[in-house]
Amino acid sequence: MVINKIQKQCEVCNELFTPKTVTSVYCSRHCSDVAYRKRKVQKKKEDQRRAVIESIPDDRPYISVPEAVALLGIAKSTLYRLVRQGRIPAINLGTRLVRIDRVTVEQMFPDQPKTLPTKENPAVKLYRLEREDCYTIGEIAKKFGISDSSVYKHIRKFSIPIRQIGKFVYAPKTEIDSIYNSR
Ligand SMILES: [Zn+2]
């Protein structure tokens with residue numbers, strides 16, 4: 001009679017091994033040490049990330065790139081891609097001074113530590129801020145026959161995301177049309 005011993009795949013090196021106990025997940029002492037060190041590094045990173053998140057003042061509407069990276073738990077390159085795609089509104093105040101719209105970030109990732117969904121902040125809403133989906137402030141003023149400063153006032157009042165490219169400020173057509181057409 002052949003007894004097939006149950007084999008497992010080591011979580012570190014992926015080799016098959018015969019576990020000593022039902023809970024064994026590593027093939028060897030070496031792999032178990034590697035896994036332990038990895039967990040320690042991860043915990044340190046997670047602690048640092050939480051410290052950054054904790055240090056963000058609650059009332060600041062914009063957050064920096066390192067703060068957004070910590071808040072989202074994503075790579076910096078991913079964040080820059082989302083900003084480039086216009087999925088996260090950001091203001092570029094110079095190469096090292098990108099400011100990310102905090103509310104949008106929090107709404108995109110509502111399960112993050114400081115961003116538990118609340119009544120005031122219930123929905124994940126993504127805005128398309130590509131040029132073709134936006135009006136400039138001047139276009140809005142002209143289209144709806146109001147002054148630039150009124151446009152800015154309404155944008156603030158309705159928390160409409162804006163994006164600045166060069167000297168022009170852009171706001172999503174869908175949001176602008178919905179506030180002025182409902183009057
Ligand atoms: Zn192994």
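**Entry 1: the zinc site**

I began with the geometry at the zinc ion: its four donor atoms subtend angles of 105 to 116 degrees, which makes the arrangement tetrahedral. For the word tetrahedral I used this rule: four donors qualify if all angles lie between 85 and 135 degrees. This is a predicted model, in which local features need pLDDT of at least 70 and side-chain atom pairs count only at pLDDT 80 or more, while totals for chains, interfaces and linings use all residues. Residues are numbered from 1 along each chain as its sequence is written, and side-chain values use heavy atoms, with hydrogens and water left out.

Which residues coordinate the zinc ion? I found C10, C13, C27 and C31, each through its SG atom, at 2.3 to 2.4 Å. Donors here are N, O and S atoms within 2.8 Å of the metal (3.2 Å for Na, K and Ca), and water is not among the atoms, so sites may look incomplete. I wrote down the spacing of the donor residues in sequence as C-x2-C-x13-C-x3-C.

C13, at 32%, counts as partly exposed, and so does C27, at 29%.

I also looked for disulfides (pairs of cysteine sulfur atoms within 2.5 Å). The count comes to zero.

**Entry 2: around the site**

I stopped at N14, which sits in the loop between β1 (8-9) and β2 (16-17). Its phi is near 70 degrees, a positive value in a residue other than glycine. N14 counts as partly exposed because its relative accessibility is 48%.

S32 was my next stop, and I found it in helix α1, residues 29-54. At 26% relative accessibility, S32 counts as partly exposed. The C-alpha atoms of S32 and E11 are separated by 9.0 Å, with the two residues 21 apart along the chain.

**Entry 3: the whole chain**

How many helices and strands are there in the chain? I counted seven helices and eight strands. Both are DSSP runs numbered from the N terminus: helices are H or I with at least four residues, and strands are E with at least two.

Of the 183 residues in the chain, 33% are buried. The accessible surface comes to about 12500 Å², and 54% of this belongs to carbon and sulfur atoms. Accessible areas come from the Shrake-Rupley method with a 1.4 Å probe, and for residues only the protein chains shown count as cover.

I checked the contacts too, where contact means heavy atoms within 4.5 Å. Among those with a separation of 6 or more, 43% are between residues 24 or more positions apart.

**Entry 4: the cores**

A general note first: in soluble globular proteins, nonpolar side chains tend to be buried together. My rule for a nonpolar core is a set of buried Ala, Val, Leu, Ile, Met, Phe, Trp, Tyr and Cys residues joined through side-chain atoms within 4.5 Å.

The largest nonpolar core has 17 residues, and I63, L72, L79, I88, I100 and V105 touch the most other members. Helices α2 (65-72), α3 (76-84) and α4 (102-108) each supply at least two of its residues. Helix α2 gives the most, with five. Apart from this core lies another, of twelve residues, including A141, V151, I155 and Y180.

I went back to α2, which is largely enclosed by the rest of the structure, because six of its eight residues are buried. The buried ones are V65, E67, A68, A70, L71 and L72. After α2 comes G73, with a positive phi near 65 degrees.

In helix α4 I picked out E106. At 13% relative accessibility, E106 counts as buried. The C-alpha atoms of E106 and L72 are 8.2 Å apart, and the two residues are 34 apart along the chain.

**Entry 5: helix α7 and strand β6**

Which residues of α7 are buried? In this helix, residues 173-181, I listed E175, I176, D177, I179 and Y180. Their cover includes β6 (134-136), α5 (137-144), α6 (148-157) and β8 (168-172).

I ended on T136, in strand β6. T136 is buried, with a relative accessible area of 9%. Leaving aside neighbours within four places in sequence, I found T136 in contact with R131, F168, V169 and Y170.

Technical notes:
Four donors count as tetrahedral if all angles lie between 85 and 135 degrees; four count as square planar and six as octahedral if opposite donors are over 155 degrees apart and all others between 65 and 115; anything else is irregular. Buried means under 20% relative accessible area, exposed over 50%, partly exposed in between (1.4 Å probe, protein chains only).
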